[in-house]
Amino acid sequence: MADDKKLTTRAADFSEWYNELVLRSQLADYSPVKGSMVIRPNGYGIWERMQRALDDMFKATGHQNAYFPLFIPESFLKKEASHVEGFAPEVAVVTHGGGKKLEEPLIVRPTSETIIYHMFAKWVQSYRDLPILMNQWANVVRWEMRTRLFLRTLEFLWQEGHTAHVTEAEAEEETLKILGIYRSFMDDWMAMPVVTGRKTDSERFAGALRTYSCEAMMQDNKALQAGTSHNLGQNFAKAFDLTFQTESGEMAHAWNTSWGVSTRMIGGLVMTHGDDNGLRIPPRLAPIEIVIVPIWKSDEERGRMTEAAMALKAQLTDWTGRGATDRLRVHVDARDGMKPGAKYYEWELRGVPLRFELGPKDLEKTAVFAARRDTKEKQSLAMEGLPATAAALLERIQADMKEAARARREANSIREPISYDRFKEVMAGEGAFVYAGWNADPAIEARVKEETKATIRCIPDEEFRTPNGPTTCMVTGEPAKHQVIWAKSY
RNA sequence: CGGGGCGUAGCUUAGCCCGGUAGAGCGCCUGCUUCGGGAGCAGGAGGUCGGAGGUUCAAAUCCUCUCGCCCCGACCA
């Protein structure tokens with residue numbers, strides 16, 4: 001109900017809560033084309049901060065940005081067998097242009113491996129041309145049947161990294177390095193702790209040797225795959241003749257990796273941190289970190305308080321304690337005709353991490369009244385040294401949000417031995433991340449999916465595994481080959 | 001593509017069964033009074049009732065067709 005003052009609660013209907021929150025906090029809106037969406041400034045502002053943080057990390061590890069075109073010859077997709085199979089059903093095809101039927105249809109990229117490795121093949125002759133470490137920020141199109149705002153839309157924004165290496169070991173190292181970058185971004189910027197691990201064959205990217213992913217737990221205990229990193233082996237190099245001459249003079253195929261994160265992460269942010277009052281944005285990703293609400297009664301007071309609020313904003317934004325380019329991001333809400341309380345609710349809905357209320361009483365005390373979005377805690381803060389106090393508080397909020405999310409995930413994870421019967425009950429009910437043994441048989445994986453809708457999210461990396469974990473397969477009782485995480489997922 | 005809902009003002013909708021001048025709440029505009037947790041009063045703007053056809057003196061309402069959207073399942077970041 002768009003004009004009810006309260007959101008549908010998470011407990012009442014998680015899915016409805018999510019939709020209302022996204023629409024009402026103005027992160028996004030439905031577009032006239034079914035399954036596609038408009039990302040509004042509130043949402044795009046978060047994406048821009050995500051981009052900046054990730055882009056810095058890619059650059060710091062030697063990657064360069066480039067841009068490859070949206071249209072790809074249809075024949076390219078068909079060159080790598082498993083890749084076609086994986087993507088064919090969801091590819092949009094352009095058959096006409098300039099009023100004429102095209103000789104060869106063009107596909108709208110669902111991902112750019114084919115065009116990129118085609119071009120790499122043109123650019124690489126020698127081992128001296130390697131590695132190539134490239135990234136692009138782009139939109140891609142996948143014709144999904146079932147769509148959700150941010151989580152699955154026909155078109156979405158992402159970055160896709162593509163690299164080419166001399167050796168398999170180097171490609172594997174790159175794949176894992178990026179997985180680590182994704183993980184630290186999600187942990188430290190999104191305050192969304194993730195489990196990293198390797199995908200099973202059935203969940204592997206079409207055309208990859210190995211796929212690794214970051215898996216986050218949403219508040220309905222379902223998993224969200226938030227980022228993937230693939231070791232492509234020589235599959236694409238062989239399909240696109242990406243060869244080079246080695247130091248010893250022989251010809252060899254390059255080893256490739258590809259990796260991506262998308263605007264889907266914004267959906268993850270919502271479902272990790274949102275509450276029944278709206279969004280909660282971790283400070284490092286918040287386009288606005290602090291909103292100042294001046295409070296007045298008379299017109300005279302209004303002028304005085306607005307002026308004081310602007311002065312306070314200047315005090316905060318002039319501060320260079322976080323570095324000259326990383327200023328506090330502050331907004332003053334001086335709108336007239338709206339009561340302070342109404343403003344509080346609105347900024348809470350929009351997820352701004354910190355609110356400063358500034359009225360005559362505060363001014364007398366040379367203080368502001370501060371309210372945290374995450375915990376709702378309130379306290380008076382002295383103007384003296386306020387920028388540093390605020391910055392410290394924001395860091396505290398960031399850390400607390402991450403820890404709260406991590407604690408919630410662990411509280412909803414099952415690491416004790418579990419019977420398959422009990423597992424079915426859990427998946428039919430509240431859901432969980434279930435750490436269990438698996439005999440590595442794809443048929444068992446398929447059967448569990450069929451019977452419970454849960455899938456193996458990943459074979460978790462060492463540090464996430466349950467120590468002295470299960471040694472037998474949850475379903476068959478046979479010796480386990482892997483410890484895996486089962487969960488329902490988005 | 002199957003199943004289920006729904007299209008009436010920017011949003012949420014009443015009216016439809018039983019045809020007879022299209023209503024409300026919220027939002028928006030103007031003014032006054034308000035303003036430390038979702039303001040009050042007064043005035044005002046805004047609708048070819050998703051579209052096409054039909055029945056009828058008369059259609060939001062009945063009939064036929066059509067388009068679109070949302071939700072639930074099979075595929076996926």
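Let me start with Gln 26, which sits in the loop between helix 1 (14-24) and strand 1 (28-30). This is a predicted model, so everything I describe is computed. Phi of Gln 26 is near 60°, a positive value in a residue other than glycine. In general, most residues other than glycine have a negative phi. Gln 26 counts as partly exposed, because its relative accessibility is 36%.

A second residue to look at on the backbone is Lys 376. Its phi is near 70°, again positive in a residue other than glycine. Lys 376 is in the loop between strand 18 and strand 19. With a relative accessible area of 37%, Lys 376 is partly exposed.

Then there is a cis peptide bond, running from Leu 130 to Pro 131, with omega near 0°. Most peptide bonds are trans. Pro 131 belongs to the loop between helix 5 (113-123) and strand 7 (132-141).

How many strands form the open sheet, and in what order? There are five, ordered 16-15-17-18-19, and the pairing is mixed. Strand 16 (330-332) and strand 19 (378-382) are the edge strands, each pairing on one side only. From one strand to the next, the twist averages 25°.

Within this sheet, strand 15 (residues 290-294) pairs with strand 17 (residues 354-358) in the parallel sense, over five bridges. One of the residues involved is Ile 290, whose bridge partner in strand 17 is Leu 354. Helix 9 (residues 299-318) packs on the sheet and touches strand 15, strand 16, strand 17 and strand 18 (367-372). The direction of helix 9 makes about 160° with that of strand 15.

Helix 10 (residues 340-350) lies across strand 15, strand 16 and strand 17, and runs at about 170° to strand 15. Glu 348 is in helix 10. Is Glu 348 buried or exposed? It counts as buried, because its relative accessibility is 12%, and the cut-off for buried is under 20%. Leaving aside neighbours within four places in sequence, Glu 348 is in contact with Asn 277, Gly 278, Leu 279, Arg 355, Arg 373 and Lys 376.

Last, helix 8 (residues 264-273). Why is helix 8 described as largely enclosed by the rest of the structure? Because 10 of its 10 residues are buried. Among them are Arg 264, Thr 272 and His 273, along with Met 265, Ile 266 and Leu 269.

Notes
Residues numbered from 1 in each chain as written. Chains lettered and ligands numbered in written order. Predicted model: local features only at pLDDT ≥ 70, side-chain atom pairs only at ≥ 80, totals over all residues. Heavy atoms only, no water. Pairing = 2+ DSSP bridges. Helix = DSSP H or I, 4+ residues; strand = E, 2+ residues; numbered from the N terminus. Axes fitted to C-alpha atoms, helices over the stretch in contact; angles between N-to-C directions. Contact = heavy atoms within 4.5 Å. Buried < 20%, exposed > 50% of the residue type's maximum accessible area, 1.4 Å probe, protein only.
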